[in-house]
Amino acid sequence: MGIQLQGIAHHAKQKLQRTLSARLATCNNVPKGHVAVYVGEEGYRKRFIIPVTYLNHPLFQILLNRAEEEFGFDHPMGGLTIPCSEEYFVSLISALNC
């Protein structure tokens, strides 16, 4: 199980490195160990700051795969854009907090 989780973490880290712009990576208003993501429908996206550890969760991996399919590695907001509704994202984050 440890090897599988390391593989997932490595895969998530690779996607994150390719996805985040240098501007976002050096942004001072994102605490260490967190990442900014943009969530919502076309035309209105809300910025969330989430712990990097969420990127390892299998449910979050599904969202990362969707983001890769929809946007490739050229995200319109300049940061990681998650293609789902804000309500779904909030419920997912709430579940991950438990």
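**Close-up views of a predicted model**

**View 1. The pairing of β1 with β2.** Strands β1 and β2 run antiparallel to each other and are joined by six bridges; strands pair if DSSP finds at least two bridges between them. Strands (E, at least two residues) and helices (H or I, at least four) are DSSP runs, numbered from the N terminus. This is a predicted model, in which local features need pLDDT of at least 70 and side-chain atom pairs count only at pLDDT 80 or more, while totals for chains, interfaces and linings use all residues. Residues are numbered from 1 along each chain as its sequence is written, and side-chain values use heavy atoms, with hydrogens and water left out. Ala36 has Ile49 of β2 as its bridge partner. Six residues lie between the strands of this hairpin, where Gly40 has a positive phi near 140°.

**View 2. The three-stranded sheet.** The sheet is open, with mixed pairing and the strand order β2-β1-β3. β2 and β3 (80-82) are the edge strands, each with a single partner strand, so one side of each has no neighbour in the sheet. On average, neighbouring strands are turned by 40° against each other, direction ignored. Strand β1 (residues 34-39) pairs with β3 in the parallel sense over three bridges. Leu80 in β3 is the bridge partner of Val37.

**View 3. Helices on the sheet.** Helix α3 packs on the sheet and touches β2 and β3, its direction making about 105° with that of β3. Helix α4 also packs on the sheet, touching β1, β2 and β3, and its direction makes about 15° with that of β2. Contact means heavy atoms within 4.5 Å. Angles run from 0 to 180 degrees between N-to-C directions, and axes are lines fitted to C-alpha atoms, for helices over the stretch in contact.

**View 4. The contact of α3 with α4.** The axes of α3 (residues 58-71) and α4 (residues 86-97) come within 10 Å and cross at roughly 150°. That makes α3 roughly antiparallel to α4 (an angle over 145 degrees). Leu59, Phe60 and Leu63 of α3 meet Tyr88, Phe89, Leu92, Ile93 and Leu96 of α4. The residues of this contact are eight nonpolar, no polar and no charged (Ala, Val, Leu, Ile, Met, Phe, Trp, Tyr, Cys and Pro count as nonpolar, Asp, Glu, Lys and Arg as charged, and the others, Gly among them, as polar).

**View 5. Confidence.** The protein averages a pLDDT (the predictor's confidence in each residue, from 0 to 100) of 78, and 65% of the residues score at least 70. Confidence is highest in β2 (residues 46-51), at a mean of 94, and lowest in helix α2 (residues 22-25), at 46.

Key: Parallel < 35°, antiparallel > 145°, perpendicular 65-115°, else oblique.
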